[in-house]
Amino acid sequence: MQPISKDSASFFRIDDEAAGQRLDNYLIKILKGVPKSHIHRIIRAGEVRLNKKRCKPDSRIQVGDLLRIPPVRTAEKQRPSENRAQAAPARKFDIVYEDDALLVINKPSGTAVHGGSGVSFGVIEQIRRARPEARYLELVHRLDKDTSGLLMIAKKRSALVKLHEAIRNDHPKKIYLALGVGKLPNDSFHVKLPLFKYTSAQGEKMVRVSEDGQSAHTIFRVLNRFSDGLLHQVGLSHLTLVQATLKTGRTHQIRVHLQSQDCPIAGDERYGNYQANKRLQKLGLKRMFLHAAELHLDHPLTGEPLHLKTELPQELAQFVLMLENAGEAV
(Lines give C-alpha, C1' and ligand atoms only; values in the text may rest on other atoms or scores of the structure.)
Protein backbone atom coordinates (compact mmCIF):
# COMPACT_ATOMS: atom_id res chain seq x y z
CA MET A 1 0.00 0.00 0.00
CA GLN A 2 1.44 3.37 -1.00
CA PRO A 3 1.48 6.19 1.57
CA ILE A 4 -1.24 8.82 1.49
CA SER A 5 -0.10 12.11 0.01
CA LYS A 6 -0.86 15.20 2.08
CA ASP A 7 -0.42 17.57 -0.86
CA SER A 8 -2.64 16.11 -3.56
CA ALA A 9 -5.30 13.50 -4.09
CA SER A 10 -4.10 9.91 -4.04
CA PHE A 11 -5.44 6.99 -6.04
CA PHE A 12 -5.49 3.37 -4.91
CA ARG A 13 -6.34 0.18 -6.75
CA ILE A 14 -8.03 -2.18 -4.26
CA ASP A 15 -6.34 -5.57 -3.93
CA ASP A 16 -7.70 -8.85 -2.55
CA GLU A 17 -6.46 -8.07 0.97
CA ALA A 18 -8.75 -5.05 1.24
CA ALA A 19 -11.71 -6.36 -0.77
CA GLY A 20 -15.05 -6.76 0.95
CA GLN A 21 -14.56 -4.09 3.60
CA ARG A 22 -16.80 -1.12 4.23
CA LEU A 23 -15.29 2.02 2.72
CA ASP A 24 -15.25 3.93 6.02
CA ASN A 25 -13.54 1.08 7.89
CA TYR A 26 -10.90 0.84 5.17
CA LEU A 27 -10.20 4.58 5.32
CA ILE A 28 -9.95 4.50 9.13
CA LYS A 29 -7.16 1.95 8.79
CA ILE A 30 -5.11 3.78 6.17
CA LEU A 31 -5.77 7.36 7.34
CA LYS A 32 -4.26 6.82 10.76
CA GLY A 33 -5.24 9.45 13.30
CA VAL A 34 -8.07 10.96 11.21
CA PRO A 35 -11.33 11.02 13.21
CA LYS A 36 -14.12 8.82 11.92
CA SER A 37 -16.44 11.84 11.83
CA HIS A 38 -14.08 13.62 9.42
CA ILE A 39 -13.81 10.55 7.22
CA HIS A 40 -17.61 10.40 6.97
CA ARG A 41 -17.67 14.11 6.19
CA ILE A 42 -15.30 13.89 3.20
CA ILE A 43 -17.15 10.85 1.86
CA ARG A 44 -20.53 12.58 2.04
CA ALA A 45 -19.05 15.75 0.51
CA GLY A 46 -18.06 13.73 -2.55
CA GLU A 47 -14.32 14.24 -2.01
CA VAL A 48 -13.78 10.47 -1.85
CA ARG A 49 -14.57 8.81 -5.16
CA LEU A 50 -15.01 5.11 -5.87
CA ASN A 51 -14.55 4.29 -9.57
CA LYS A 52 -14.95 8.04 -10.28
CA LYS A 53 -18.38 8.10 -8.61
CA ARG A 54 -19.74 9.41 -5.33
CA CYS A 55 -20.02 6.76 -2.65
CA LYS A 56 -21.32 6.15 0.85
CA PRO A 57 -19.53 5.19 4.10
CA ASP A 58 -21.05 1.71 3.96
CA SER A 59 -20.11 1.08 0.31
CA ARG A 60 -18.25 -2.21 -0.08
CA ILE A 61 -14.91 -2.02 -1.88
CA GLN A 62 -14.02 -4.80 -4.32
CA VAL A 63 -10.88 -6.08 -6.05
CA GLY A 64 -9.91 -3.72 -8.87
CA ASP A 65 -11.90 -0.73 -7.62
CA LEU A 66 -10.21 2.64 -8.10
CA LEU A 67 -10.37 4.77 -4.97
CA ARG A 68 -9.63 8.52 -4.92
CA ILE A 69 -8.71 10.02 -1.55
CA PRO A 70 -8.33 13.79 -1.13
CA PRO A 71 -5.43 15.39 0.77
CA VAL A 72 -6.03 14.75 4.47
CA ARG A 73 -4.11 16.12 7.45
CA THR A 74 -3.35 13.24 9.78
CA ALA A 75 -2.90 13.68 13.51
CA GLU A 76 0.67 13.47 14.71
CA LYS A 77 -0.40 11.74 17.93
CA GLN A 78 -0.44 8.00 17.57
CA ARG A 79 -3.44 5.92 18.46
CA PRO A 80 -3.21 3.58 21.49
CA SER A 81 -3.10 0.53 19.21
CA GLU A 82 -0.04 1.93 17.45
CA ASN A 83 1.66 2.68 20.76
CA ARG A 84 1.00 -0.90 21.84
CA ALA A 85 2.38 -2.25 18.58
CA GLN A 86 5.59 -0.24 18.97
CA ALA A 87 5.97 -1.21 22.62
CA ALA A 88 5.46 -4.92 21.95
CA PRO A 89 8.65 -7.00 21.92
CA ALA A 90 9.08 -9.32 18.97
CA ARG A 91 8.21 -12.87 19.99
CA LYS A 92 8.05 -16.17 18.19
CA PHE A 93 5.43 -18.72 19.20
CA ASP A 94 5.28 -22.47 18.58
CA ILE A 95 3.80 -22.92 15.12
CA VAL A 96 1.36 -25.80 14.64
CA TYR A 97 0.40 -24.97 11.04
CA GLU A 98 1.31 -22.30 8.49
CA ASP A 99 0.80 -21.55 4.83
CA ASP A 100 0.23 -18.40 2.76
CA ALA A 101 -3.26 -17.85 4.19
CA LEU A 102 -3.31 -19.20 7.73
CA LEU A 103 -1.09 -19.32 10.80
CA VAL A 104 -2.00 -21.48 13.80
CA ILE A 105 0.12 -21.18 16.94
CA ASN A 106 0.18 -22.85 20.33
CA LYS A 107 -0.56 -19.91 22.64
CA PRO A 108 0.95 -20.17 26.12
CA SER A 109 -1.08 -19.51 29.24
CA GLY A 110 -0.67 -16.05 30.76
CA THR A 111 -0.45 -14.23 27.42
CA ALA A 112 -3.37 -12.14 26.16
CA VAL A 113 -4.27 -12.46 22.49
CA HIS A 114 -4.23 -8.66 22.02
CA GLY A 115 -3.56 -5.44 23.92
CA GLY A 116 -6.25 -3.44 25.70
CA SER A 117 -8.13 -3.44 29.03
CA GLY A 118 -4.99 -2.90 31.06
CA VAL A 119 -2.80 -5.14 28.87
CA SER A 120 -0.10 -3.28 26.94
CA PHE A 121 0.21 -5.86 24.17
CA GLY A 122 -0.66 -9.41 23.30
CA VAL A 123 0.07 -12.23 20.87
CA ILE A 124 -0.97 -10.37 17.73
CA GLU A 125 1.18 -7.28 18.47
CA GLN A 126 4.18 -9.48 19.25
CA ILE A 127 3.81 -11.53 16.08
CA ARG A 128 3.45 -8.38 13.96
CA ARG A 129 6.62 -7.00 15.54
CA ALA A 130 8.44 -10.27 14.83
CA ARG A 131 7.24 -10.27 11.21
CA PRO A 132 7.60 -6.67 9.96
CA GLU A 133 7.46 -7.87 6.35
CA ALA A 134 3.98 -9.38 6.79
CA ARG A 135 1.31 -7.41 4.92
CA TYR A 136 -1.62 -8.82 6.86
CA LEU A 137 -1.96 -10.52 10.26
CA GLU A 138 -5.31 -10.59 12.05
CA LEU A 139 -6.75 -12.69 14.86
CA VAL A 140 -9.45 -15.08 13.68
CA HIS A 141 -10.81 -15.75 17.18
CA ARG A 142 -9.80 -15.32 20.80
CA LEU A 143 -8.60 -17.39 23.72
CA ASP A 144 -8.77 -16.20 27.31
CA LYS A 145 -5.44 -14.96 28.67
CA ASP A 146 -5.01 -17.96 30.98
CA THR A 147 -6.12 -20.53 28.40
CA SER A 148 -3.39 -22.20 26.35
CA GLY A 149 -3.61 -23.89 22.99
CA LEU A 150 -4.52 -23.48 19.33
CA LEU A 151 -5.02 -19.92 18.10
CA MET A 152 -5.77 -19.05 14.45
CA ILE A 153 -4.32 -15.96 12.75
CA ALA A 154 -5.28 -15.01 9.19
CA LYS A 155 -2.53 -13.94 6.79
CA LYS A 156 -5.01 -12.81 4.12
CA ARG A 157 -8.24 -10.90 4.46
CA SER A 158 -9.98 -13.42 2.19
CA ALA A 159 -9.04 -16.17 4.65
CA LEU A 160 -10.32 -14.11 7.59
CA VAL A 161 -13.68 -13.53 5.90
CA LYS A 162 -14.11 -17.25 5.14
CA LEU A 163 -13.12 -18.30 8.66
CA HIS A 164 -15.49 -15.79 10.27
CA GLU A 165 -18.28 -17.11 8.07
CA ALA A 166 -17.47 -20.66 9.19
CA ILE A 167 -17.40 -19.61 12.85
CA ARG A 168 -20.82 -17.96 12.51
CA ASN A 169 -22.12 -21.31 11.25
CA ASP A 170 -20.38 -23.20 14.10
CA HIS A 171 -18.33 -25.22 11.59
CA PRO A 172 -14.82 -25.32 13.08
CA LYS A 173 -14.81 -28.12 15.63
CA LYS A 174 -12.96 -26.94 18.73
CA ILE A 175 -11.98 -29.45 21.40
CA TYR A 176 -10.58 -28.45 24.80
CA LEU A 177 -9.12 -30.32 27.75
CA ALA A 178 -10.10 -29.17 31.25
CA LEU A 179 -9.74 -30.36 34.82
CA GLY A 180 -12.82 -29.81 36.97
CA VAL A 181 -12.92 -29.55 40.75
CA GLY A 182 -15.69 -31.96 41.66
CA LYS A 183 -17.34 -35.15 40.50
CA LEU A 184 -19.40 -35.40 37.32
CA PRO A 185 -22.02 -38.18 37.51
CA ASN A 186 -22.09 -39.10 33.80
CA ASP A 187 -19.25 -40.10 31.51
CA SER A 188 -20.70 -38.17 28.57
CA PHE A 189 -23.32 -35.42 28.55
CA HIS A 190 -24.50 -32.22 26.86
CA VAL A 191 -24.90 -28.82 28.52
CA LYS A 192 -27.31 -26.49 26.73
CA LEU A 193 -27.59 -23.42 28.92
CA PRO A 194 -27.85 -19.84 27.57
CA LEU A 195 -25.08 -17.46 28.61
CA PHE A 196 -25.46 -13.76 29.42
CA LYS A 197 -22.55 -11.28 29.41
CA TYR A 198 -22.42 -8.48 31.97
CA THR A 199 -19.97 -6.27 33.85
CA SER A 200 -19.40 -6.89 37.56
CA ALA A 201 -19.30 -4.19 40.23
CA GLN A 202 -15.48 -4.37 40.00
CA GLY A 203 -15.62 -3.67 36.25
CA GLU A 204 -14.79 -7.23 35.17
CA LYS A 205 -16.46 -8.75 32.13
CA MET A 206 -18.42 -11.74 33.39
CA VAL A 207 -20.79 -14.40 32.07
CA ARG A 208 -23.62 -16.21 33.83
CA VAL A 209 -26.31 -18.71 32.93
CA SER A 210 -29.49 -16.77 32.15
CA GLU A 211 -32.60 -17.16 30.01
CA ASP A 212 -31.81 -13.67 28.68
CA GLY A 213 -28.48 -14.87 27.29
CA GLN A 214 -27.34 -16.38 24.00
CA SER A 215 -27.82 -20.07 23.32
CA ALA A 216 -24.75 -22.15 24.18
CA HIS A 217 -24.02 -25.85 23.75
CA THR A 218 -21.05 -27.86 25.03
CA ILE A 219 -20.49 -31.63 24.86
CA PHE A 220 -18.46 -33.06 27.76
CA ARG A 221 -16.74 -36.44 27.93
CA VAL A 222 -14.99 -37.64 31.07
CA LEU A 223 -11.44 -38.85 30.41
CA ASN A 224 -10.34 -39.65 33.96
CA ARG A 225 -11.47 -39.30 37.55
CA PHE A 226 -9.22 -38.71 40.56
CA SER A 227 -10.08 -39.20 44.23
CA ASP A 228 -8.75 -40.00 47.73
CA GLY A 229 -5.14 -40.15 48.89
CA LEU A 230 -3.14 -37.20 47.63
CA LEU A 231 -6.20 -34.97 47.23
CA HIS A 232 -7.42 -35.68 50.75
CA GLN A 233 -4.08 -34.49 52.10
CA VAL A 234 -4.96 -30.97 50.91
CA GLY A 235 -8.67 -31.14 51.72
CA LEU A 236 -10.04 -32.04 48.28
CA SER A 237 -12.21 -35.03 47.34
CA HIS A 238 -12.59 -35.25 43.55
CA LEU A 239 -11.03 -33.96 40.34
CA THR A 240 -12.37 -34.80 36.87
CA LEU A 241 -10.43 -34.57 33.62
CA VAL A 242 -12.80 -33.83 30.73
CA GLN A 243 -12.81 -33.26 27.01
CA ALA A 244 -15.08 -30.35 26.03
CA THR A 245 -16.31 -29.94 22.46
CA LEU A 246 -17.81 -26.58 21.59
CA LYS A 247 -20.96 -26.58 19.49
CA THR A 248 -21.20 -22.80 19.91
CA GLY A 249 -18.47 -20.29 20.69
CA ARG A 250 -19.65 -18.03 23.49
CA THR A 251 -17.39 -16.04 25.83
CA HIS A 252 -16.19 -18.18 28.78
CA GLN A 253 -18.54 -20.95 27.62
CA ILE A 254 -16.66 -23.99 28.96
CA ARG A 255 -15.78 -22.23 32.21
CA VAL A 256 -19.37 -21.26 33.00
CA HIS A 257 -20.91 -24.52 31.77
CA LEU A 258 -18.61 -26.55 34.04
CA GLN A 259 -19.34 -24.19 36.91
CA SER A 260 -23.06 -24.83 36.34
CA GLN A 261 -22.39 -28.56 36.90
CA ASP A 262 -20.77 -27.86 40.30
CA CYS A 263 -17.42 -28.77 38.77
CA PRO A 264 -15.57 -25.47 38.09
CA ILE A 265 -12.24 -25.52 36.29
CA ALA A 266 -9.20 -26.00 38.50
CA GLY A 267 -7.26 -22.76 38.87
CA ASP A 268 -10.04 -20.59 37.42
CA GLU A 269 -9.81 -17.36 39.42
CA ARG A 270 -13.03 -15.90 38.00
CA TYR A 271 -15.52 -18.78 38.10
CA GLY A 272 -13.67 -21.31 40.22
CA ASN A 273 -13.52 -22.26 43.88
CA TYR A 274 -11.07 -19.97 45.70
CA GLN A 275 -10.24 -22.39 48.52
CA ALA A 276 -9.87 -25.33 46.14
CA ASN A 277 -7.52 -23.31 43.93
CA LYS A 278 -5.32 -22.46 46.94
CA ARG A 279 -5.14 -26.16 47.82
CA LEU A 280 -4.32 -27.12 44.25
CA GLN A 281 -1.45 -24.63 44.29
CA LYS A 282 0.08 -26.67 47.12
CA LEU A 283 0.07 -29.64 44.74
CA GLY A 284 1.81 -27.58 42.06
CA LEU A 285 -1.03 -26.31 39.84
CA LYS A 286 -0.17 -22.65 39.24
CA ARG A 287 -2.56 -21.84 36.36
CA MET A 288 -6.06 -22.49 35.03
CA PHE A 289 -6.36 -26.00 33.65
CA LEU A 290 -7.97 -25.25 30.27
CA HIS A 291 -6.25 -26.05 26.98
CA ALA A 292 -7.48 -25.68 23.37
CA ALA A 293 -6.23 -29.06 22.16
CA GLU A 294 -7.79 -29.68 18.72
CA LEU A 295 -9.17 -27.85 15.71
CA HIS A 296 -11.10 -29.54 12.90
CA LEU A 297 -11.83 -27.21 10.00
CA ASP A 298 -11.79 -26.83 6.24
CA HIS A 299 -8.98 -24.65 4.93
CA PRO A 300 -10.51 -21.22 4.25
CA LEU A 301 -9.18 -20.99 0.69
CA THR A 302 -8.54 -24.54 -0.56
CA GLY A 303 -11.30 -26.34 1.35
CA GLU A 304 -8.80 -29.02 2.41
CA PRO A 305 -9.80 -30.69 5.72
CA LEU A 306 -7.41 -29.74 8.51
CA HIS A 307 -7.09 -31.62 11.79
CA LEU A 308 -4.73 -29.73 14.07
CA LYS A 309 -3.70 -30.92 17.50
CA THR A 310 -1.41 -29.83 20.30
CA GLU A 311 -0.61 -31.78 23.44
CA LEU A 312 -1.12 -30.55 26.98
CA PRO A 313 1.57 -28.06 28.08
CA GLN A 314 4.28 -29.62 30.20
CA GLU A 315 3.02 -28.15 33.48
CA LEU A 316 -0.48 -29.56 32.97
CA ALA A 317 0.71 -32.93 31.65
CA GLN A 318 3.01 -33.31 34.67
CA PHE A 319 0.15 -32.48 37.04
CA VAL A 320 -2.05 -35.20 35.52
CA LEU A 321 0.86 -37.65 35.59
CA MET A 322 1.40 -36.90 39.27
CA LEU A 323 -2.23 -37.72 40.03
CA GLU A 324 -2.06 -40.93 37.99
CA ASN A 325 1.20 -42.07 39.57
CA ALA A 326 -0.19 -41.39 43.03
CA GLY A 327 -2.85 -43.99 42.33
CA GLU A 328 -5.61 -41.42 42.20
CA ALA A 329 -7.47 -42.71 39.13
CA VAL A 330 -10.80 -44.31 40.02
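Buried means under 20% relative accessible area, exposed over 50% and partly exposed in between, with a 1.4 Å probe and protein chains only. Helices (H or I, at least four residues) and strands (E, at least two) are DSSP runs numbered from the N terminus. The model is predicted: local features need pLDDT of at least 70, side-chain atom pairs count only at pLDDT 80 or more, and totals for chains, interfaces and linings use all residues. Residues are numbered from 1 along each chain as its sequence is written, and side-chain values use heavy atoms, without hydrogens and water.

**Exercise 1.** Explain why helix H7 is largely enclosed by the rest of the structure.

Step 1. H7 covers residues 253-260.
Step 2. Its buried residues are Gln253, Ile254, Arg255, Val256, His257 and Leu258.
Step 3. Six of the eight residues are buried, so H7 is largely enclosed by the rest of the structure.
Step 4. Just after H7, aspartate 262 has a positive phi of about 55°.

**Exercise 2.** Determine the strand order of the open sheet that contains E1, E2 and E3.

Step 1. Two strands pair if DSSP finds at least two bridges between them.
Step 2. E1 and E3 (residues 66-69) are joined by four bridges in the antiparallel sense.
Step 3. The order is E1-E3-E2, with antiparallel pairing.
Step 4. E1 (10-13) and E2 (49-50) are the edge strands, each pairing on one side only.
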